[in-house]
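Work through the exercises below with the sequence and the coordinates open, and try each task before reading its solution.

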Amino acid sequence: LRRRVLRGEQTLLGIAALAADEVQVVVAGAIVAGGRVLAARRSAPASLAGRWELPGGKVDPGESDAAALTRELREELGVEVEVGEQIGPDVALGPRRVLRCLRARLLDPTRPIEPTEHDQVRWLTADELDEPDWLDADDELLPHLRTALAAR
Ligand code: CDP
């Protein structure tokens with residue numbers, strides 16, 4: 001199993017066989033407010049520019065998932081959040097990398113979103129979730145996001 005992973009087969013079963021410090025976690029925020037979730041359009045790198053994602057980024061060594069998401073959302077959107085539960089499963093991004101979606105609640109919902117890295121943001125209702133051209137991994141989370149939106 002491990003050899004298959006090292007050859008690059010992208011299965012979560014394979015990733016589960018790796019030690020925690022061999023897996024790079026990328027956290028992404030499902031910022032839900034008023035029955036909508038915030039989507040952000042990437043402006044870089046060129047290969048991903050124009051596609052939509054749940055904003056977030058890589059967890060640094062020794063950093064908790066919640067601390068990483070708090071930091072990334074502050075840097076990228078100028079917002080302060082409280083991080084909640086995971087939404088959906090870890091999604092494989094590569095042989096040693098997963099995307100992990102966590103609920104994020106805005107501490108001050110009246111404060112405007114000020115994107116520093118994205119060129120557009122958009123609040124989506126459950127019915128609008130299919131509209132953006134999502135990154136592949138985020139696309140896999142949509143059914144789980146829909147459920148999370150319905151629960152609030
Ligand atoms: O900001 P940082 O460099 O830490 O990370 P990033 O560039 O935002 O994310 C690292 C990689 O994770 C990206 O190149 C995307 O391939 C992937 N990603 C994703 O698939 N979906 C997201 N919602 C966020 C990141």
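**Exercise 1.** Is Glu-80 buried, partly exposed or exposed?

Solution. The model is predicted, so local features need pLDDT of at least 70 and side-chain atom pairs count only at pLDDT 80 or more, while totals for chains, interfaces and linings use all residues. Residues are numbered from 1 along each chain as its sequence is written, and side-chain values use heavy atoms, with hydrogens and water left out. Buried means under 20% relative accessible area, exposed over 50%, and partly exposed in between (1.4 Å probe, protein chains only). Glu-80, with a relative accessible area of 32%, is therefore partly exposed.

**Exercise 2.** Find the salt-bridge partner of Arg-42 and state which strands the pair connects.

Solution. A salt bridge requires a side-chain nitrogen of Lys or Arg within 4 Å of a carboxyl oxygen of Asp or Glu. The partner of Arg-42 is Glu-53, with the closest N and O atoms 2.8 Å apart. Arg-42 is partly exposed at 23%, whereas Glu-53 is buried at 7%.

**Exercise 3.** Determine which charged side chain lies nearest to Glu-76 with the opposite charge.

Solution. Lys and Arg count as positive and Asp and Glu as negative, with His and the chain ends not counted.

How values were computed:
Helix = DSSP H or I, 4+ residues; strand = E, 2+ residues; numbered from the N terminus.
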